[in-house]
Amino acid sequence: MPSKVFLGLDVGSVSTKVVAIDALGQVLASSYLPTQGQPIAAIQSALREIARALPPGVPVAGVATTGSGRVMASALVGADVVKNEITAHATATLRVLPSVRTIIEIGGQDSKIILLNHGVVTDFAMNTVCAAGTGSFLDRQAHRLGVPITALGELALQATSPTRIAGRCAVFAESDMIHKQQTGHSLSDIVAGLCEALVRNYLSNVAKGKTIVGPVSFQGGVAANVGILRAFESALALPVIVPEHYDVMGALGVAYLAQPIAGQTRFRGFGVVAANCQVKGEDCDGCGNRCEVVGFSINGRVQAYWGDRCGKYSHENYLSVGT
Amino acid sequence: MIVGVPRALLYYVYYPLWRRFFAELGVGCILSPPTNEAIMNSGARAVVDEACAPVKIAMGHVLALAPEVDYVLVPRFVSVEPRTYICPKLMGLPDMIRQSGQKTPPLLAPDIDMSKGYFGLARALMDTSRCLEKGLWSTVRSFHHSLAEMRRIKHKLIAGQTPEEAFHGTSRRRKPGRRLRIAVLGHPYNVYDPLLSMNIVDRLRAQGIDVITAEMLPLEHISLGLSQLRKKLFWSLSKMVLGAGLYFVNHAAEVDGIILLSSFGCGLESLVADLLERHARRQEFPFMQLTVDEHSGEAGLITRLEAFVETVEGRILNARNLSPHGDHEFRHAGTP
């Protein structure tokens, strides 16, 4: 039985990931669940899964959160470290695959490129205004084509001559795909074309102007799709590695960041899975900004505020940038 | 008689000039409040849909001033130095406001065209005072004082104050922090607008990071940066951004990284951002472009800022760990 565990939570727009590691950094348990617009419930179910998988009674020595829902996750579970996704992914990859020079990460609504050299991040970029070419777009297209998202990659590999799909914009890509279907292209050719379009869009949008040096690591939920993996390999002419825990790398990264924590953890305990959490939004009429201030409470006690621009409510939180 | 000055666009450059000018003429002058959501929304509803966020905000400020003033000052900036020009959307602003169908007080919209020389400014101020029925002598005297005021403000900017701090004397002592210095570049109405920039300067300062902007550089440094270019730029706003950026890229000891803040759909920035990024990349200088628009979600900005600051810090730490002889020795991030 491990002497202690560290938890990493990555609360993304589409999925919630939790990883438990031991003091040596071995993954003991991991959980990947759809957020489905209810991050609190998703965190609670993911933690429940983790608690079940861990040996009973093992102490939690540190907790860290990342992802777009990191602030709320931290308020819910009591985190020692709250980190951005770039640092989280870089940390995980450098530990698991130290020689990697480029990380391609495609998640539900974000896609990122992280360049590494000598074990530090030298440059990074994230998608700007548009979510074309991310997981949610693939999800929607799979649904429309009546193919399970998990089968999309295999289907793409069966293509004989991939069609050309416009990848610049999700709306245009969709109308292009419908057009290709109506002119009689096979489903696998269309799906393969979609994979290529997504990769083209990523390289010209997110990785714009950056020199991609191998070894390349491809992670995030979309890395499950072999069609996209092959498309990246052929577009880059480089071998692309998909790490073992590709879908929970962000969570794994922050779990590593929680490891050096000395002293008492702020973790509230696995009891939070049953806690009654409330999020209450209220329009503040203090000024013309009319911020929607969110108060987060557990079992009736307010734990944190956010959403105010001026800091009138949130200044008491420890949640500002850089903590 | 009261003139309203919208806290938008080139307010962040020329406000002291107008304030002093109106004060010397004995004309009341009020300023619209700092941009808030209500101002942005009313502006976005009133202005043509292809306008950028800063122009929408400017429209909002004009509407916010409308009930309280006799005139609203919306100068038509055509050119502020010989052979350079201001963005066409800024040039067309008085017309855009007049055509918006909104009820506004009469506009004070002098043409400011210094493309043929600096007397263009004097002429614009004469036109303004003629509208306000002021005499020639008081105009000349006011003009003189206004220019002196601009020089005084420039000293404050060079000392590291933001325009808002320099204009209103609200600069506060800051505690020394993690000794990181980051340049935040961009058109002044993007960088200093509290809503559009999501207070980027204050956010960085709150983490103990020194922020330097193009306005805080002496003009000679800007010219030095621009001397890197093979051709002359003819956009004034871009000259400031690119001149400062190139200066920093070539004087790497001055700052640790550059953040370029631009508003979505900016035509000038589409060229300049790419140019600056290429120069930065060639020198392996940390550079990040942030694009902002009407959206209010701060999470995206915070994540990118945080990651950028950590990247810059990681590089500094790594440079210290490099062996001065031969092979690089380094430790992996995260190794205990």
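Helices (H or I, at least four residues) and strands (E, at least two) are DSSP runs numbered from the N terminus. An α-helix has 3.6 residues a turn, so residues three or four places apart point the same way.

After α8(A) comes Ala237(A), which has a positive phi, near 55°.

## Basis and confidence of the model

This is a predicted model, in which local features need pLDDT of at least 70 and side-chain atom pairs count only at pLDDT 80 or more, while totals for chains, interfaces and linings use all residues. Residues are numbered from 1 along each chain as its sequence is written, and chains are lettered from A and ligands numbered from 1 in the order in which they are written.

The pLDDT, the predictor's confidence in each residue from 0 to 100, has a mean of 88 in chain A, where 96% of the residues reach 70 or more. Over residues 318–323 of chain A, however, pLDDT stays under 50, and the model has 17 contacts beyond four places in sequence for this stretch. Where pLDDT is low, the predicted coordinates should not be read in detail.

## Sheet and domains of chain A

Two bridges join β9(A) and β10(A) in the parallel sense, and Ser217(A) has Ile241(A) in β10(A) as its bridge partner.

The domain assignment of chain A, whose bounds come from an automatic or database domain assignment, gives domain 1 (5–95 + 251–270), domain 2 (98–242) and domain 3 (277–316). The C-alpha centres of domain 1 and domain 2 of chain A lie 27 Å apart, and nine residues of domain 1 are in contact with 18 residues of domain 2. On the domain 1 side of this contact, helix α3 (residues 85–96) of chain A gives the largest share, five residues, and the residues of that side divide into four nonpolar, five polar and no charged. In this division Ala, Val, Leu, Ile, Met, Phe, Trp, Tyr, Cys and Pro count as nonpolar, Asp, Glu, Lys and Arg as charged, and the others, Gly among them, as polar.

## Chain B: overall form and domains

Chain B has 14 helices and 10 strands. Its radius of gyration, taken over C-alpha atoms, is 21 Å, close to the 20 Å that the globule rule (2.2 Å times the number of residues to the power 0.38) gives for 336 residues, so chain B is as compact as a globular protein of that length. Of these 336 residues, 48% count as buried.

Domain 1 (2–158) and domain 2 (176–321) are assigned in chain B, with C-alpha centres 26 Å apart. The contact between them involves 23 residues of domain 1 and 24 residues of domain 2, and the domain 1 side comprises 17 nonpolar, three polar and three charged residues.

Strand β7 (residues 180–185) of chain B runs parallel to strand β8 (residues 209–212) of chain B, with four bridges, Ile182(B) being partnered by Val211(B). Four bridges also join β7(B) to strand β9 (residues 257–263) of chain B, again in parallel, and here Val184(B) has Ile259(B) as its partner.

## Contact between the chains

The contact takes 31 residues from chain B and 31 residues from chain A. On the chain B side, the elements giving two or more residues are α2, α10 (200–206), α13 (267–282) and α14 (299–321), and α14(B) supplies the largest share, 13 residues. This side divides into 12 nonpolar, 10 polar and nine charged residues.

Technical notes:
Two residues are in contact if their C-beta atoms, placed from the backbone, lie within 7 Å. A residue is buried if 20 or more other C-beta atoms lie within 10 Å of its own, exposed if 12 or fewer, and partly exposed in between; C-beta atoms are placed from the backbone. Two strands pair if DSSP finds at least two bridges between them.
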